[in-house]
Amino acid sequence: MNFLLINFYLLLSHYRCLICIASLFIIFSSSQTLAQEVIRNTEFLESNRPEAWAMNYYTTATLLSGLSVPRSRKFGSIEVGFELDWLPQLSTEERRVGLSGTKVEDLNKSPIFARPRVTIGLPWQFALTLSYVPPIKIFGLKPNLFAFALERPLYEHDSWRIGMRLYGQIGNVVGAFTCSGDDMNFEPGSPENPAGCEGKSADKAIQNYAGFELSGAYRIEKLGGLTPYIAVAGNFLDTQVNVNAPTFGVINKNRIKAETWTFSMSAGFAYPLTDKLMFSVGMFYSPLWITRPPATSSENDPFINVRSLLTYQLR
């Protein structure tokens, strides 16, 4: 009897080993399959492609425009500020930019764009402005944007002022642009889910740019120092979207890139609330060209918004 029990135990142990080996083989094979089910392609887009237009649109929203005209500052002076801009909400047709203009993307994430600013006085009438939006998730977006500007007045006489600014930005914004929660309610490949989304994406939109701005202003003493200004700028946008989405049983990690030259215009006014506190507000306009199917020619679908800035002179 004991002999039979021992043989049964050895046989059971043998089968357990076989099951363990088979399980490890299945796990290893599955991990290898999953590792292979990733697609990575890079596509360079013309600047008027619908996808490029969307990238240019939201990168333009972050351009570090002056909202005033550069003025003479003391070396070592420090001014802190807070910028708050309105982001227009796009219609369904305007958001139809994915897959060469056939798929509606989830772009209406945030109604505003906000960031701090610090301006430091440098020698020879130059000033350096720094701004950073940290990676804190809000409105379903996780930004990481560092912008900077070097400015200087070119002409100051009586109430007139003319100035120049060089500015740029490096950074990105992560969000579910290509595959939102709504896409998963429909069958992959259906008209409502043409990209085959099977889960929320974590796409990274890279928003790099460089620009040059010329501006002029006139201070009206009789109106308490109200200073209307106007500015024009040229910009180089270096944009990219790194897709990270589960689609059709694979992980889509394709990249689309575009480089675009644009120009922009802005006009508004600055008003001193106190000796150290200044409020500025202005309209911003930048024409952006897009070819929406089935059209074969480009049309101007511009970025237009209102921007405001509150600054305080620390010293």
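**Exercise 1.** Decide whether tyrosine 167 is buried or exposed.

*Solution.* Start with the cut-offs: a residue is buried under 20% relative accessible area, exposed over 50% and partly exposed in between, using a 1.4 Å probe and protein chains only. Tyrosine 167 has a relative accessibility of 4%, so this residue counts as buried. Tyrosine 209, at 5%, is buried as well.

A note on the model: the structure is predicted, so local features need pLDDT of at least 70 and side-chain atom pairs count only at pLDDT 80 or more, while totals for chains, interfaces and linings use all residues. Residues are numbered from 1 along each chain as its sequence is written, and side-chain values use heavy atoms, with hydrogens and water left out.

**Exercise 2.** Find how many aromatic pairs the whole structure holds, and classify the pair of tyrosine 167 and tyrosine 209.

*Solution.* Rings of Phe, Tyr and Trp (its six-membered ring) pair if their centres lie within 6.5 Å; planes under 30 degrees apart count as stacked, over 60 as edge-to-face and the rest as tilted. The search of the whole structure gives eight aromatic pairs. For tyrosine 167 and tyrosine 209 the centres are 6.2 Å apart and the planes stand at 70 degrees, so this pair is edge-to-face.

Next, locate the two residues. Helices (H or I, at least four residues) and strands (E, at least two) are DSSP runs, numbered from the N terminus. Tyrosine 167 belongs to strand β9 (residues 160-175) and tyrosine 209 to strand β10 (residues 203-218), so the pair ties together parts 42 residues apart in sequence.

**Exercise 3.** Classify the pair of phenylalanine 236 and tryptophan 261, then state how accessible each residue is.

*Solution.* With 5.0 Å centre to centre and 50 degrees between the planes, the pair is tilted. Phenylalanine 236 lies in strand β11 (residues 227-242) and tryptophan 261 in strand β14 (residues 255-272), so parts 25 residues apart in sequence are tied together. Phenylalanine 236 has a relative accessible area of 25% and is partly exposed, whereas tryptophan 261, at 69%, is exposed.

**Exercise 4.** Name the arginines that lie over rings of Trp53 and Phe284.

*Solution.* Trp53, Tyr57, Tyr58, Phe284 and Phe303 form one aromatic cluster. A charge sits over a ring if NZ of Lys or CZ of Arg is within 6 Å of the ring centre and within 35 degrees of the ring normal. Arginine 292 lies over the face of tryptophan 53, 4.8 Å from the ring centre. Over the ring of phenylalanine 284 sits the charged end of arginine 307, 3.8 Å from the centre.

**Exercise 5.** State which strands pair with β18, and in which direction they run.

*Solution.* Two strands pair if DSSP finds at least two bridges between them. Strand β3 (residues 78-86) is joined to β18 (residues 303-313) by seven bridges, and the two run antiparallel; here glycine 81 stands opposite threonine 311. Strand β15 (residues 277-286) also runs antiparallel to β18, with 10 bridges; serine 286 stands opposite phenylalanine 303.

**Exercise 6.** Describe the disulfide of the structure.

*Solution.* A disulfide is a pair of cysteine sulfur atoms within 2.5 Å. The search of the whole structure finds one, joining cysteine 179 to cysteine 197 with an S to S distance of 1.9 Å. The torsion about the S-S bond is about -75 degrees, so the disulfide is left-handed. Both cysteines lie in the loop between β9 and β10, 18 residues apart. Cysteine 179 is buried at 1%, and cysteine 197 is buried at 2%.
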